[in-house]
Amino acid sequence: MGTRPRTPHESTEGAGTLDRDPALLAVALDQSTHDAEEAHWTPAKIALWGGISLLGGLSWVMLAVVRGETVNAIWFVFAAVCTYLIGYRFYSNYIQKHLLKPDDRRATPAEYKADGKDYAATDRRVLFGHHFAAIAGAGPLVGPVLAAQMGYLPGTIWIIVGVVLAGAVQDYLVLFFSMRRGGRSLGQMARDELGKVGGTAALIATLAIMVIIVAILALVVVNALAASPWGVFSVSMTIPIALLMGCYLRFFRPGKVTEVSIIGFILLLAAIIGGGMISSTEWGAAFFHVDPLPLAIGIIIYGFVAAILPVWLLLAPRDYLSTFMKIGTIGMLAIAIVIVRPEISVPAFSEFTANGGPVVSGSLFPFLFVTIACGALSGFHALIASGTTPKLIEKERQTRFIGYGGMLMESFVAIMALVAAVSIDRGIYFAMNSSAALTGGTVQGAVTFVNSLGLTGVNLTPDMLTQTAKDVGEATIVSRSGGAPTLSVGLAHIMQQVAGGKGMMAFWYHFAIMFEALFILTAVDAGTRVARFMLQDSLGNFFPKFKNTSWRTGAWLTTGIMVLAWGAVLIMGVTDPLGGINTLFPLFGIANQLLAAIALAVCMAIVAKRGMFKYLWIVAMPLAFAAVVTISASFLKIFSTIPAVGYFAQNRAFSGALAAGETSFGTAKTVAAMEAVVRNTMVQGILSVLFVVLAIIVMVTAIQATWRSWKGRDFGTNEDPAVPSQMFAPSGFLPTPAEKELGASWDAQARLEKSAKSNR
Amino acid sequence: MNTVELLKKGARDLAWFVKGVMGEDAYDKYKAHHESRHRSGEGEAPPVMTEREFWRDQTDRQDTNPQGRCC
């Protein structure tokens, strides 16, 4: 794709081609109309925004300054929502006005490439729901739970401020730039903007990052289901349910998506209730009690089979089910938090901010920022925002509502997860999230360990742990790390106050586990498929036969390679004597943030190429932050001399002990376990080095590209040529008065045409 | 508008939204697109897929063009 020259600071090239078609109503409002509407501050509007600012300010004061004995969860909701509204109304508007300059006179790919299938103009509110369902997953639910170790305030500030200045900006920019390029993927944009070296590095990094993300998501499921007969039964029932739904849609009633989803949902509820009954029988408890390792192997086999089965049979129906559950459960939790308004007794900053604790090793900076990736800044979104969504957008100005607004919604999910995690007793929180290596996996061991931490206000008794386990229908809740069980206890704790009381806690707990497992499994098999196609595409450069994606052997081979890659990391996490999730989760966060840095680097090169240096800081600021956080976190993981933090330090400590002929060291009680630690830390260390080197290559090439644009004043764009639009649609959730007026004349015209047609 | 009408409209809007988000309206969109592209009198129109054919075609296309799901 050649670069066409254009002058800087010009919103559209070849503006002449976009002149209004005299035979058509206006397809866009003038910029001056938008500006006038914005500048028009009626008293009601002033009162509204004044009120939002005051409420937001008050909430932040309650959270950050007042910090009484307890703080009410409602302040989290108000602080988040008010900050989002202000960020959306003012900051995203600033980005729109000065940096992106969308032009509604231009047709979007959904209009000029319309095929009624992949490219189809979709109502902005529907597309918002669609996009949100694609970006929100287990990430924003797990990270905040783990970061709750540091107290509620660091996580809250990072989630809310981070999304406004970084995460939502990334999603918005990638969506906009991809839309202007006919829906091109992040990898293709990297190649166009950064050249061969940067583009290749970005591609390899994306592939490696997908592997690690799939592996760690699978690890979360294993940790949630291991030794839980109820969970194993109800989650494995999702497979026959999905198969049934797939056949129903294929052979019986094609296209009846909502109907089949409701049927599936009812069967899902039956599976949860049935799980409770079966796990209370002796044979059921024995049969569905699966240890972590066999469970991991089961998920690996499942991942392979699911990725080679036709989409209609398993993936598509489960995707419907997971969308249905996701939007429903998140909405339900939001309402429940507002109704229950739990009091939170976790301190704003805990004892573990400076040096880390049993859940997350390392200091607040940088590890808070990699523990909470999704919800504040998630690089993975760049793959979605440059995939399906840009092909469905109706009008350019809608990218703000969908890209920026969609990410704000995900951030709100993260805040709710944080609230759920901090609303449970702190003693229980640490008993659940400290690895079995620390608690010994027993109630007494957990009580001794947690009480020895010396946390103010924490006095854990064995009774609290056994009672909670009994309430949620599990054999034990000790060392159920990974975030999902903790979130489920929190959600069950909140939901039982709205519906069902204590007796329903077990149901709500397993409902939450099911809800997370469902979309993690969807992410696992969709991720494997996407990775397989990326691998096939790359291998095709050397062995052309691989380019043919319908070649069975090639498809199975590449699927197998990807499954083995994430499967190996998963097995490593499951068998890790140090606790698995604690050592691997930082890698997940770092990987995700590095992908964000890559996406932002590509955006920076594009902005520079457009010649908009005055507003480059909008991209450069989050990019610099993500770069500093991920590179310093990676360096600590690589070079730190503290074994709990540095992979290689841990490796040296254990291999030193082995060389000295010791037979147990730290939490590893056998020579085999010590050798496993040596192996695992080496792999984790090498992965850290790989990620950071690739990301640095991408960032350096992006800085070079930016510098070339600056130095040579060599502006241009890889955008598709402008095509005039022939339709109109409002840009935000609610149409503005001027948009309403224009929309009404389009509606009137459509009615006229319709009646003319029927009279013919 | 009285309350009943308002409720009816609300239910209709909700059904429209849910169907849109779940992707149930895909065939309607495809048909509308097909009709607008090939209005009568503008030459021979290519055959339009039946509902069953369309949904098969859709999942088969997803087989070769997978969409990522986020974490």
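Tutor: What follows starts with one lysine and then moves to salt bridges, an asparagine and the interface.

This is a predicted model, in which local features need pLDDT of at least 70 and side-chain atom pairs count only at pLDDT 80 or more, while totals for chains, interfaces and linings use all residues. Residues are numbered from 1 along each chain as its sequence is written, chains are lettered from A and ligands numbered from 1 in the order in which they are written, and side-chain values use heavy atoms, with hydrogens and water left out.

The lysine is A:Lys395, in the loop between helix 15 (380-385) and helix 16 (398-422) of chain A; helices are DSSP runs of H or I with at least four residues, strands are E runs of at least two, and both are numbered from the N terminus. A:Lys395 is buried but has no salt bridge, and the nearest side chain of opposite charge, A:Asp104, is 5.0 Å away. Buried means under 20% relative accessible area, exposed over 50%, and partly exposed in between, with a 1.4 Å probe and protein chains only. A salt bridge needs a side-chain nitrogen of Lys or Arg within 4 Å of a carboxyl oxygen of Asp or Glu. For charge, Lys and Arg count as positive and Asp and Glu as negative, with His and the chain ends not counted. Backbone oxygens do lie by the lysine side chain: that of A:Val27 at 3.2 Å and that of A:Met727 at 2.7 Å from a polar atom of it. Leaving out residues up to four places away in sequence, A:Lys395 touches residues including A:Asp104, A:Thr108, A:Ser725 and A:Phe728, where contact means heavy atoms within 4.5 Å.

Other charged residues do pair, and the count comes to 23 salt bridges over all chains. One joins A:Arg181 and A:Glu193 (3.6 Å, N to O). A:Arg181 is in the loop between helix 7 (152-180) and helix 8 (186-225) of chain A, and A:Glu193 is in helix 8, 12 residues apart. A:Arg181 is buried at a relative accessible area of 2%, and A:Glu193 is buried at 5%. A second salt bridge, at 3.2 Å (N to O), links A:Asp720 and A:Arg184. A:Asp720 lies in the loop between strand 4 (716-717) and helix 28 (737-759) of chain A and A:Arg184 in the loop between helix 7 and helix 8, so the pair ties together parts that are 536 residues apart in sequence. Both A:Asp720 and A:Arg184 are buried. Salt bridges that share partners also join A:Arg106, A:Arg180, A:Glu396, A:Arg610 and A:Glu719 into one network.

A:Asn93 counts as buried at 7% relative accessibility. Its side chain makes a polar contact of 3.2 Å with that of A:Glu38; a polar contact is a pair of N or O atoms within 3.5 Å, where within protein one must be able to donate a hydrogen and the other to accept it, and residues adjacent in sequence count only if both atoms are side-chain atoms.

Finally, chain A and chain B bury about 3,700 Å² between them, 59% of it on carbon and sulfur atoms; buried area is the accessible area (1.4 Å probe) that two parts lose on being put together, summed over both. The contact takes 58 residues from chain A and 34 residues from chain B. Across this interface the rule finds 4 salt bridges, and A:Arg529 and B:Asp63 meet in a salt bridge at 3.6 Å (N to O).
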